[in-house]
Amino acid sequence: MSVVKINVLTVPAEQRETLEKRFAGRAHAVENSDGFEWFELLRPVEGTDTYLVYTRWRDEAAFQAWMEGPMKQAHQGGAEGERPKPASSASELWSFEVVQSTGPKSE
């Protein structure tokens, strides 16, 4: 059963561009991960400063393997372990199992 992970990021208006550029710079970092199924970065359009980072995985084990490998390495920082200041001021991870899904009807 597929699982969905949604990282809920609170991003101040002055950090939006920084956040989007960072994701664009790592756009292909997750695509080749075993068990990866889908990614979307969702920008708020009104009434909130919350971005949603949507990923879908074959199972929980695939997500955990990515978290402990490629994702951890991507967030380690550059030379001498320096990490850029986070663009978000807060984050929360939501987890779901896919119970039902559908797509456009084929004709």
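Guide: We will go through the sheet, then the charged pairs, one serine and the aromatic rings.

Guide: This is a predicted model, where local features need pLDDT of at least 70, side-chain atom pairs count only at pLDDT 80 or more, and totals for chains, interfaces and linings use all residues. Residues are numbered from 1 along each chain as its sequence is written, and side-chain values use heavy atoms, with hydrogens and water left out.

Visitor: Okay. In what order do the strands of the sheet sit?

Guide: The order is β2-β3-β1-β4, in an open sheet of four strands with antiparallel pairing. Helices (H or I, at least four residues) and strands (E, at least two) are DSSP runs, numbered from the N terminus. Two strands pair if DSSP finds at least two bridges between them.

Visitor: Which are the edge strands?

Guide: β2 and β4 (90-97), as each pairs on one side only. On average, neighbouring strands of this sheet are turned by 15° against each other, direction ignored.

Visitor: What holds strands together in general?

Guide: Strands of a sheet pair through backbone hydrogen bonds, either parallel or antiparallel.

Visitor: And how many bridges join β2 to β3?

Guide: Six, and the two strands run antiparallel. For L41, the bridge partner in β3 is V53.

Visitor: What does α1 touch on the sheet?

Guide: α1 packs on the sheet and touches β1, β2 and β3. Contact means heavy atoms within 4.5 Å. The direction of α1 makes about 20° with that of β3. Axes are lines fitted to C-alpha atoms, for helices over the stretch in contact, and angles run from 0 to 180 degrees between N-to-C directions.

Visitor: New topic. How many salt bridges are there?

Guide: Six. A salt bridge is a side-chain nitrogen of Lys or Arg within 4 Å of a carboxyl oxygen of Asp or Glu.

Visitor: Which residue does E17 meet in one?

Guide: K21, at 2.9 Å from N to O. Both lie in helix α1 (residues 16-25), four residues apart, about one turn of the helix.

Visitor: Is E17 buried or exposed?

Guide: E17 is exposed, because its relative accessibility is 52%. K21 is exposed too, at 55%. Buried means under 20% relative accessible area, exposed over 50%, and partly exposed in between (1.4 Å probe, protein chains only).

Visitor: What does R43 pair with?

Guide: R43 forms a salt bridge with E20, and the closest N and O atoms are 2.7 Å apart. The pair links distant parts of the chain, 23 residues apart. R43 sits in the loop between β2 (36-42) and β3 (50-57), while E20 is in helix α1. R43 is exposed at 52%, whereas E20 is partly exposed at 23%.

Visitor: And which residue meets D34?

Guide: R58, again in a salt bridge, at 2.9 Å from N to O. D34 lies in the loop between α1 and β2 and R58 in the loop between β3 and α2 (60-74), so the pair ties together parts that are 24 residues apart in sequence. D34 is exposed at 58%, and R58 is partly exposed at 36%. Salt bridges with shared partners join D34, R58 and D59 into one network.

Visitor: What about S2, where is it found?

Guide: In the segment before β1 (3-10). S2 counts as buried because its relative accessibility is 13%.

Visitor: What joins S2 to E37?

Guide: A polar contact of 2.8 Å between their side chains. That term means a pair of N or O atoms within 3.5 Å; within protein, one must be able to donate a hydrogen and the other to accept it, and residues adjacent in sequence count only if both atoms are side-chain atoms. Leaving out residues up to four places away in sequence, S2 touches E37, R56, W57, R58, F96, E97 and V98.

Visitor: Last topic. How many aromatic pairs?

Guide: Five. Rings of Phe, Tyr and Trp (its six-membered ring) pair if their centres lie within 6.5 Å; planes under 30 degrees apart count as stacked, over 60 as edge-to-face and the rest as tilted.

Visitor: Why is the pair of W57 and F63 edge-to-face?

Guide: Because their planes are at 65°, with the ring centres 5.9 Å apart. Both residues are buried.

Visitor: How is the pair of F63 and W66 arranged?

Guide: It is tilted, with 6.1 Å centre to centre and 40° between the planes. F63 and W66 both lie in helix α2, three residues apart. F63 is buried at 4%, and W66 is buried at 17%.

Visitor: Which residues form the aromatic cluster?

Guide: F36, W57, F63 and W66 form one cluster.
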